[in-house]
Amino acid sequence: MAGAFYLNTERIINDAQDVDKALAQVEKELGEDCFGAASFSDSCGKSVNIETAYQPVAPAPVVAKTDKPVVYKDDCFASQAANYKDRPVCSYGDGKIKVALVGNSHAGQWIPALEPMAKKNGWTIDTYLASRCAVMGEPQVFDSEATEKGCADFGGWVTKQIEKEDYDLVISSNRQSLPVSGYEMENTAEPAQKAYEKILEEWAGTGAAVAVIRDTAFPGETVDNVPDCVASSAGEFIDCSGEAKQWIPMDPQADAVNALDNLNIIDVDMNDQLCEDGRCFAVVGGIVAYWDHSHLTETFAGSLSPTLESRLKKALDSEELFPAA
């Protein structure tokens, strides 16, 4: 009996860690029309309550904590500990169309959605990512002057790289977790927006198209850790969701796009894939959407690739960037 118990336990653990198997099981239970972000679509018919717990969810909460984009394994982030003087550049894809992905970890979270686009459209994506530092080229409030300067210098260095490498497209996203130097968070939106207006125009001035992905809903306003919340929920995930007015953060970079009104600088909002009717969700159509309190799981971000591609293609209106789409 003991042997059978341990064999069964090992099978359950292995099944939980097999993300593809777990995804297939959840999709079978819910149906393709209600799986993942499709649960928001008209084709789902609202037959599935988004907040209802699906058993099992995918990835399993214990696996969701490690379901991170490859940029973490590949050490693609300039670090706060080194005052952003370490500046790794990672490359994904091998196409002729050159794309730069710029920002902090909320830019890095989009690699699972962008890699399939790179393969399909002949892109090579180079990453210019910095941990915590919003890439705007202006000092932000850190614990030391060296870190403030390093973060600001990183933005200037990125602009020089974009000029030198002659990119066709720059994709950027940032979480604004720190105020601009000399301001508090409650009054940093305006100076941050001005900083982004300047740097976005510099990037566009190189001849590249520029696309800003608006920052995603932030569970950390009410939930300490999404996988832990999902694991401890008994039957429903209502306590793991939150009001959109709390979760959807300010985004001065996206606001800068609207202020510039430049046809070569566009923004895309994906929050309707996480939120509906004034609420945002930690589990969307059976998929655990976050691996911590803030960042999208690799699984959920990857599932958004077709929608993100469709919106970027429509906004950029460029057959050169999307030759195969």
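This is a predicted model: local features need pLDDT of at least 70, side-chain atom pairs count only at pLDDT 80 or more; totals for chains, interfaces and linings use all residues.
Me: Where in the chain is glutamate 320?
Reply: Glutamate 320 sits in the segment after helix H13 (305-316).

Me: Which residues gather with Glu320 in a patch on the surface?
Reply: Asp166, Asp168, Asp317 and Glu319 do, and together with Glu320 they make a patch of negative charge.

Me: Salt bridges next. How many in the whole structure?
Reply: The search finds 10. One of them joins aspartate 228 and lysine 65 through their side chains, at 2.6 Å from N to O. Aspartate 228 is in helix H9 (residues 226-232) and lysine 65 is in the loop between helix H3 (61-64) and helix H4 (70-73), so this pair ties together parts 163 residues apart in sequence.

Me: What does lysine 120 pair with?
Reply: Lysine 120 forms a salt bridge with glutamate 309, with the closest N and O atoms 3.5 Å apart. The pair links helix H6 (residues 111-121) to helix H13, 189 residues apart.

Me: Is glutamate 309 buried or exposed?
Reply: Glutamate 309 is buried, at 9% relative accessible area, whereas lysine 120 is partly exposed at 42%.

Me: Which residues are linked in a salt-bridge network?
Reply: Arg214, Asp255 and Asp267 are.

Me: Now the sheet with E7, E10 and E9. Parallel or antiparallel?
Reply: Antiparallel, in an open sheet of three strands ordered E7-E10-E9. Strands E7 (242-243) and E9 (275-276) are the edges, each pairing on one side only.

Me: What is the bridge partner of glutamate 276 in E10?
Reply: Arginine 279. Two bridges join E9 to E10 (residues 279-280).

Notes
Residues are numbered from 1 along each chain as its sequence is written. Side-chain values use heavy atoms; hydrogens and water are left out. Patches are made of residues with over 30% relative accessible area and no salt bridge: like charges are joined within 9 Å, nonpolar side chains (Val, Leu, Ile, Met, Phe, Trp, Tyr) within 5 Å. Accessible areas come from the Shrake-Rupley method with a 1.4 Å probe; for residues, only the protein chains shown count as cover. A salt bridge is a side-chain nitrogen of Lys or Arg within 4 Å of a carboxyl oxygen of Asp or Glu. Lys and Arg count as positive and Asp and Glu as negative; His and the chain ends are not counted. The place of a charge is taken as NZ of Lys, CZ of Arg, CG of Asp or CD of Glu. Helices (H or I, at least four residues) and strands (E, at least two) are DSSP runs, numbered from the N terminus. Two strands pair if DSSP finds at least two bridges between them. Buried means under 20% relative accessible area, exposed over 50%, partly exposed in between (1.4 Å probe, protein chains only).
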